[in-house]
Structures are given as C-alpha cells and as structure tokens.
Amino acid sequence: MSDPTKQIDLLVVDNIQTFVGQFHILEGVTVTVPKGSITVMLGRNGAGKTTTIKSILGLTPPQEGRVVFNGMEIQGKRAFNIANLGIGYVPEHRAIFRSLSVLENLKLAERKKGDFDRHSEFVFGLFPDLKRLYKLPGNHLSGGQQQMLAVARALVPDNKLLLIDEPSEGLAPILIQQMMEAIKALSETTTVLLVEQNFIMASQLAERYTIIDDGKSVKSGLMEDLVHDSELIHHYLGASIKTREELEKAHES
Amino acid sequence: MKAKNKKPLIIIAAVIVTAGVLALLYITAGQQTFIRTALSGLTLGSLFFLVAGGLTLIFGLMDVLNFAHGSMFMLGAYIGWQLYTNPTFIFGLLPQVLAFASGVLITPIIKPYLIRWKVPEYWIKILPKIGYLLSLLLFFVSFIGLDILGLADTAMVAATTATAGDALAEISVQEPLAQYWFRPILIFISGALVAFSTSKPGQKSEFAPKEKMIRKLIIPIALFILAVEATFIRETAPVTILLMNGNWRFIIAIIVSIIFGFAFGAVIEITLIRPLYVRPTFIIIMTLGLSYVIRELVQLLWDPLAYQMVRPPLFAQRGKAASLLEWLQNGNATIDIVGVTIPTYRLFVIALGIIMFIFITILMTKSRLGMIIRAGVQDPQMVEALGINVKAVFTVVFGLGVAMAALGGIGAGPFLPIQPIMGDHYQTQGLITVVIGGMGSYGGAFVGAMILGMARAFGDYFALKYSLSTAIAEASTVIIMIIVLLARPQGLFGKKE
Amino acid sequence: MTEKPITMEPVTKKTTISSLINRERGFLIFIAIMILFPFVMNWITGTGLNEGITKFWQGQFITFFIMAVFAMSYDLLIGYGGILSFGHAASFGGGAYAFALLMKHWAPNFMSQYRILIGSLDITQTIVLIFVFLIVLLVSILIGLLFAATSIRLKGTYFAMLTLAIGQALFILIKATDFHEWTGADEGLHGVPLPVWLNPTQNRLTVYFITLVFLFGSYLLMKRMTNSPTGHVVVANRENEDRMRMIGYNPVSFRTVAFVISSVFAGVAGALYSIWNMSATPNMLSAVTTVDALIMTILGGMGTLIGPIIGAGISQVIQQFFYTWFGARWPLVFGLLFMLIVIFLPYGIVGTWRLKRLDIKEGWHRFVGLFKIQKDQS
C-alpha cells in the first residue's frame, strides 16, 4: 500500500469500527499516512471523516480495528496519552478557547516548559496576524484569525503528526490561500493528515488521498491519479466537485 | 460592539444602586447599628463565599452540583476542632491513612509492568475483582479491634468536661505498638492490592510508559516513611501539639483541615463521582446520599451533640482593644471600631474570605491550572486533545473546592456550634449564592455571597426592629435569588449558554 | 398544532377490561392481596380488624400507600418529564396544609352555623369534606402552575435550584412565627378534627381502604396518562425539546400539564397524609420530603410508575426494620446502600429487572438445567 519511496508509515489506521452512542459511524476505515507527507481524507458530509480523526485521537475510541502510530498500537488509550505521543489536533469549527487570550491559547498547548518560546518565531512567522493580537481574548478574533490560532496551537509542541480538520471551512478565498501556504510550510517538518471539502485546495496540497464514503474507506492512492479520474470524483465526492482540468476549462471559458 | 458600550453603564448603575441601598440602610439604621450589622453581614458573606467558591468552581468545570458540600464544610470543622482540642483521634488513625495512601499510590510504578504481564484472557477480568475483594477484606481486618469510637471520644471529653485548663489530662493511652504494628502493614497491602486492581493487569490497551520511575517512587516512599513515623509518634504527637501556643495550634488545625478536605474531595471524585459523569442527574442524587452518610458517620463518631470550640488566644482575651495594633498585641476578644464593639474573630473570618477570593483570582488568571480550568469549562475534549489529563484536573478541582469548604468549616469553628447539621444552612445559602452570582463565576460567587450576607444581617436587624419573626431574613435570600433568576436567568455574572 | 401525535409506538390500543387485566397483572394481584390482607391478618392472629397487630399493620400500609402515590407523582416529573424538581414537597405539604387549615379553622365554624339537609339526612359533613378536597385540588393546581411558570425561563440545574428555593420559601413561610395562631409555626397543626368514620384511630380500616383505592386509582390514571398522546409528547419533550418545538408543539404547555397533574396527585396524597396523621407539619414541606420521594423513585426505577411503589414499600420496610437491626445509626447503613444502588443499579429495581430480565431468566434456566443434567447422570 505505502509509497515505496517513503519507507515508514507514521500512522496506520487499520479497519476501525467506531460507535458514537448507538450509531455505527465507522464500519471499517483504513488510512495510511506515510512519514513526511500530506494525506487528505475526502468524502461527503457525514461520511465519517471527522469521526476517523477523533477515533485516531481516542476522543471517540474505536471498538474494533487497530491504530498504529510510530510503530505503537494506540487504540483504546486515553486521548491525552495519545496526544502526548506527538499528535497535534486542529478541530473543525475553529474550536479555540474563547475565554482565553491568544497567548494563553498558545501557552496552554505547551507540553514541556518552553515549548512556546522555542517555536514562537516559527508560529508567528506563519501567522504574523497573531503576533499583533496576542493579548486579545479569543472571542474577539475574526473567524479567519480563530482558524489560524487553532492551527498555530497545534504547532506549539513538538508534534510528529498533525490532524487538521477542515482548515478552509468558512474562510474567505484570500485566507484560504494563506492557510494553504501555512500548511505547505509546516508540512516540511511534520506529517499531516488533512480533512478537506475544498477539492482544489486538497488536490494542490496533498500527495496521497483516501476517500471515505458511508463510514468505509473506499479508495486510496496518489493524488495525481485521482485528479485525472473524474468518474471516481463524481461518484464519491458529488457532482459539485470537478476535476482540476474541468475547473481550469470552466475558468477559461 | 453594543455589549462593549453597555458594560461600563451597567457597572456604574450597579455601583450607584449599591451605594444608594447602603446609604438608605445607613440612614434608617443609624451609624452604630449600621456598622455592626454590616460587619456581621460581611462575616456571614465571607462564610457563604467559602462554601459557594468551591461549589461554583466545581460546577463551572464539570457541571456537578455538589449537594454534599455542606457536609464537607461540617467535616472540615470537625477535623480542625479535633486537632485543636485533642488530636489523639487524628494521630491515632494517621498511620493507617498514610499507609493505605502509599499503597494505592504505587500504581504508576507497578502499572507499566502489570499491563505487560501476559495474563490469559479469562483472568484479565477476574484478577482485578479478586484484588478488590482481598483488599476490602484486609482493609476491614486491619481495623478489627481498633477502638475508633474511643479515639473519637477523647476530644469530646476534652470539650465537655471542665479540664479546659489542662488539655493534657485527656490524652488517653493507646494500643501498645506490639499490638498495633500489624495494622499499618495490612492496610498498606490492602492499598497495594487496590493499586494492583486499578492497573488492570494484562490489559494491553492501557497506557503506562516506563519513564521517570525514580521520580514516581518519591511520593509513595515518602508517604510510607511518614506512615512509619506516624506509627511511632501516635502518643507523643498529641501531647506536643497540645503544649503548643494556641494560635499555632489553630493555624495547624486550619492547614490540616485544608489538606484533609483536598484529599477527601479527590478520593470522592475518583471513587463516586467519576463513574457518573455520563448521568448528570445521578451525580446530584449521589452527592445527596453522600451528605447523608457523612452526617450519620459524624453522629456515630461524635454523637449528635453540639460542641463549642474554644477560641484561639488571639481572640480570647477579655476586654476591648482600642485599635488593631492593641488587639494584635493583647489578643482581645472584642475591638472598638468607630465606637462600635466588634468581636475580633469576625474580622478574622472576613479576612479569610477576602484572602481566599484573592487566592482564587490569582489561581484562575495567572496559573496554568487556572488556564486549564477556564479552557476546560468551554471544551474539556479539546483540552484533552492538547495532551492534558482532564480527568486528573477534575480531581484536583474537586479537591480544591472541598478544601475551600473545609477551610470555611474550621474558620467557622470558633464562631458556630460544631454539630452535624452545621453545614446544611451554609450549603443552601451557598447554592443560592452560586445561582445569584452565575454558576461557574467565582467573582459572581463573591459578590453574591456578600449580597446574601448583608441581606441576612439587615433582615435580622429589621425583623427585630419591627418585631417580626426571623423568617423575613431567612426568606430574603431566597427572594433575592428568585428575582435575580427571573430577571437574569444566567445569574449576575454568568455567561449566556 | 398537528392532530397526529408523533410517537415511536402506535397510540394506545383501546383499554378494554381484559387487555388491562393482562397488562397490569402484577399490579392487580398486589391490590388483591392488599384487599385481603386485613382479613387474613385478622383470621391468623385472631385480633379484631380494628385493634392490635392487625391495626398496626394497617397503619404501616396506609403510610406506604400514600407515599407510593407521592413517589409516583414525582416519577411523572423526573421519570417521564425529565424534570428534576426539588420543590415537589410543596405540593404534598400544600395539599396537607390546605386540608388541615380548612378542617381546623373553617369547618368547625361553618358546621356550627349551618346545616345542609336532604330531607332529614344531614349531609353537612360530606359537603364540607367535598368542598375542602376541591380546595386542596385548587391549591395543588396553583402550586403546579407556579412551578410550571418558573420553568418557562429556566432549564436544567438553574431550574432545579429555583424549585429548591421556592420550596424553601414556602417552608420558611409555614414555619414563620408570625402566623403562629393559624399554622402553628414549628409544631404545625395537630389534632385536625375529622368525622368519626374517617378518624384513623377509631376507624382505621376505612382509611386503609380509602388510601388503597386512592393508590389503585392513581396508578391506573397515571398509567393511562403516560400512554396517552399527551403523555407521549411529554416524554418526547424530555428527549429533545427543540425538535418538539420545531414540529409545532409548545413544550411549555406540555410541561405545564406534567407539572399540574403531578402536583394534583401529590396534593391529594398530602391531604390524605394529613387525615392519616390528623396533623400537618412543616417537615412535609421541607426538601427532605422531596428527597424521600426521589430516593423511592430511584430505588424502584425512574419512569416505570411501578418502581416508585416498590421503592416506597422498601423504604417503609427499611424504616421499620433497620432500627431494630442496626440501632440508632441505621440511616448510615441505608445511606451506604443507597449509594451502592446509585452506582450499581442506576435504573432501579424495576428498570434493572426489565433490562436484565432475559439474562436473569436464561441464568435461571441454566441453573435449573444444571440439576437436570445431574439427575440424568445419576
């Protein structure tokens, strides 16, 4: 399955089944994330992408299947233990702490003393806005700034893997561009597993993809192949998403 | 934007209203009565705050309304009173408590090895159960023949007989070491068995790294050494403490109450509250049951009587001090403030409340724990995802809340009769305070407590003046709460959900 | 509002006598036993129906019947409506006080001044009693409405706190010394004058059957109500209020119905309790009384109706026997037991039975099977 050029899979999600309450949400999801790459999970709304991320983190622990991170089985462990192994999480809907200031939000993410001081330059380099606003409470930030803070927060400790859930959701196009550049920049040092509805963004960022449909992973492979496979895209991702070529054509006309 | 502009206006309005009400009371009551009543209101308010502060912290973070808070207030008073009057009871049980704790706390050391232990599937479920049962058995065996009631009696005798001048006369002889030695050992093993069971031997999905083992050893070993130490000083320590200056003894009593409250709260959270977070209504019911049990336990140990704790020397000297300095030098029981005679102990209680408020404010705004609590109030799951053990934070906060209640209890000790129902009234008022201030807001709890204290004090005064019953004063707090809730359902300082 | 109720199950089938007997078999057997009880007791012990040990046990059962209805009315709120109220004792005590106050201060005056006759039959007493009970109903409806009104703006914990406060306010009011000549303040009202046929010391058997009929009627009525379309909406309200609002139901009006009905049952239970004790005391209004109902409901199982009856029975037995078993500190044992039940049997006795019925039956069969096999082998 894994790319021959990358030797280690940092994260292997092997056929997990997850229940939320009484609902069987995941009925066999398999995702492989090679070290040093950006992998994207695609799929319709409600297909189970966010639940997959939460299952990896142990927020909704999977009942069956294995999750192997860095050669260690982590399914069934407590979320904070999993996070402390070096997994950063950027939740959807910009779940920052609104009653805490920007600085406190970042400081809270420290795992060791001094994490923030070591990485502040890198973080503020990616998101210069935050440096200006660092005293403001979280609820005074705009949506885009909140999203940046949510990403920045995951960069404070030393993470081997970042789980990023819908970073472009509800952002203005110009901010999407900035977010993309930031993710590209940070992927040089860490591995990223991304959930993204915006296919253009996903196709430009990711090297690998996994399509999740109705709680099952149905297809995965290299992004280059998917971009040209308009039938697959139509089938699983809905008619609204077009391949890059079609999009380009549409733009030209 | 609108909310921003409104805020200063509201503050100004609140200040004006408060000043107006105070001025009105000042005019109707006259200077002397006003000061006396206001100070007694502040005293009550500060006790209300000590109860409500913990309640609101606990509610804010974990949505738990602790209906046993009043009982914990009462327990704090009892423990402090024991230490102050005759610590034989505390020192008699200390070795076992410490030994058990050190046994339980070896969990992080044995867990990494136990979960890697290859146990047949069938035994994984059975082993912990066997462990718990054995531990329960050893726990009871270690107490067989120990005269706990007799130990508890010592302070009762000291408090009821006229030997107040010679507290040492009431130190009772304890079991000789030759008979006693097996108890701490058995209970240590019992604790270790609990540790064995909670680490779930053979359970692969558990997580326990073998890092920093030496550092993890420090606490259990320290506790074990303390337990051994405590075994030897069971008889001498009470004497040493009773020979101390009364003020120091009182300070030690306060510290012991706080430590006891914290430990007790933490244990309650882990054992009774934690399994019920999924069923919030049941937490309320559980804490109701718990308060019942605590009260009955106290009645079992110390009989359903009311005790009067002797005031520490700093507040006991006859005669009136003219100034603060004179009081601190002579330790007068009363002090003259602008021509009004005020018991000095009230000033101490007020100070206690204010110090605790400042402490909480600093804790919440400046410390990392405060940051975690504020974040956890909003989204505990995300805090967990950042790598913070939220369950442990819950335990700490519950412990802190109970420690505050226990502090309130011992603070009220020399001021109220110490009896099993002493906490009930403060619990009701504390709950009302929390609702008025806004659940989860410690600043709101402080303001609410002061309002309630004042209402009670002035209600009593006016009831007396117009020869009504005290029901008016009692009902005043409830009426304030109903008004606040109907006008502003989230409380004065609460945030809208 | 739409006509069709949205329920998970089809709306109740027609209640014919046979289907009722079928469904409520256990309860009907229980009632039959209770009807026969005084006579059987009389036959066994040989003491008269209205004296000695037979009379004592009737008294025990009267308290049980009344508390069972009170607990059931609480179950309507917490189990079906999902409403945690700490002021339910207000209805119970309110009913009791309404009854006792009128009987003590108004009825004797009225009866000494007026006579109501049908022919030569003096029905003054009956009319007075009926009138007093109507007032009890009115008072409990008003109390129910009061709680319902406060629930419009408040939810969850805040509402629970407010009910505690209202309950507390009434408790303080009834204890206030200002009204001593009317309410008796701390001591409450004692020696409520009752007609001879209703006097529990003289005619206990009558009171026994009145309360038994009350329990029987209340249970069937409540069961019918919870199975009615309105009852289903109340339950649906508990599950998801917003959705109900969107469908077009007004949650407030359905909650009001729940409050008023539950308050009426509690109020009548309170009035009967004050007949049985010939008194009304402030304790009947205190939060402790609410907590008693809560404990009974939890013990038996929330949302089952039959559970609170069992819970009331258990708590009656416990109060009776624990003292002799454990001495003065029996509540300690009871409290520990209660905590164990909350942790290990959160659905109460009936709830756990319903959940585990199949397991238990299977276990029983296996148990019986064990012996069978052994028999075969031997």
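Me: Which residue is the bridge partner of Val68(A) in β5(A)?

Reply: In this predicted model, Val68(A) has Glu73(A) of β5(A) as its bridge partner.

Me: What makes β4(A) and strand β5 (residues 72-73) of chain A a pair?

Reply: Pairing requires at least two bridges between the strands. β4(A) and β5(A) are joined by two bridges in the antiparallel sense, and therefore they count as a pair. Two residues lie between the strands of this hairpin, where Asn70(A) takes a positive phi near 55°.

Me: Why are β6 (87-90) and β10 (216-222) of chain A called edge strands?

Reply: The strands follow the order β6-β7-β8-β3-β9-β10 (chain A) in an open sheet of six strands with mixed pairing. β6 and β10 each pair on one side only, and these are the edge strands. From one strand to the next, the twist averages 15°.

Me: What makes strand β3 (residues 38-42) of chain A a partner of strand β9 (residues 208-213) of chain A?

Reply: Four bridges connect β3(A) and β9(A) in the parallel sense; since at least two are needed, the strands therefore pair. Leu42(A) stands opposite Ile211(A) in β9(A). Helix α1 (residues 49-57) of chain A packs on the sheet, touching β3, β6, β7 (161-165), β8 (191-195) and β9 of chain A, and its direction makes about 150° with that of β7(A).

Me: How do you know that the span of helix α14 (residues 330-344) of chain C is close to the expected one?

Reply: The expected span is 1.5 Å times one less than the number of residues. For the 15 residues of α14(C) this gives 21 Å, and the helix reaches 21 Å from its first C-alpha to its last.

Me: Why are the buried residues of α14(C) said to line one face of the helix?

Reply: A residue is buried if 20 or more other C-beta atoms lie within 10 Å of its own. The buried residues of α14(C) are Pro331(C), Leu332(C), Phe334(C), Gly335(C), Phe338(C) and Val342(C). Seen down the axis of α14(C), they fall within an arc of 165°, so they line one face. They pack against α13 (280-302) of chain B and against α12 (287-300) and α13 (306-326) of chain C. The face turned away carries the exposed residues Leu340(C) and Phe344(C).

Me: Which chains share the most contacts?

Reply: Of the two pairs of chains in contact, chains B and C share the most contacts. In this pair, 33 residues of chain B are in contact with 30 residues of chain C. On the side of chain B that touches chain C, α13(B) gives the largest share, 13 residues. The residues of that side comprise 25 nonpolar, five polar and three charged.

Methods:
Residues are numbered from 1 along each chain as its sequence is written. Chains are lettered from A and ligands numbered from 1 in the order in which they are written. This is a predicted model: local features need pLDDT of at least 70, side-chain atom pairs count only at pLDDT 80 or more; totals for chains, interfaces and linings use all residues. Axes are lines fitted to C-alpha atoms, for helices over the stretch in contact, and angles run from 0 to 180 degrees between N-to-C directions. Two residues are in contact if their C-beta atoms, placed from the backbone, lie within 7 Å. A residue is buried if 20 or more other C-beta atoms lie within 10 Å of its own, exposed if 12 or fewer, and partly exposed in between; C-beta atoms are placed from the backbone. The arc is that of the directions from the helix axis to the C-beta atoms. Ala, Val, Leu, Ile, Met, Phe, Trp, Tyr, Cys and Pro count as nonpolar, Asp, Glu, Lys and Arg as charged, and the others, Gly among them, as polar.
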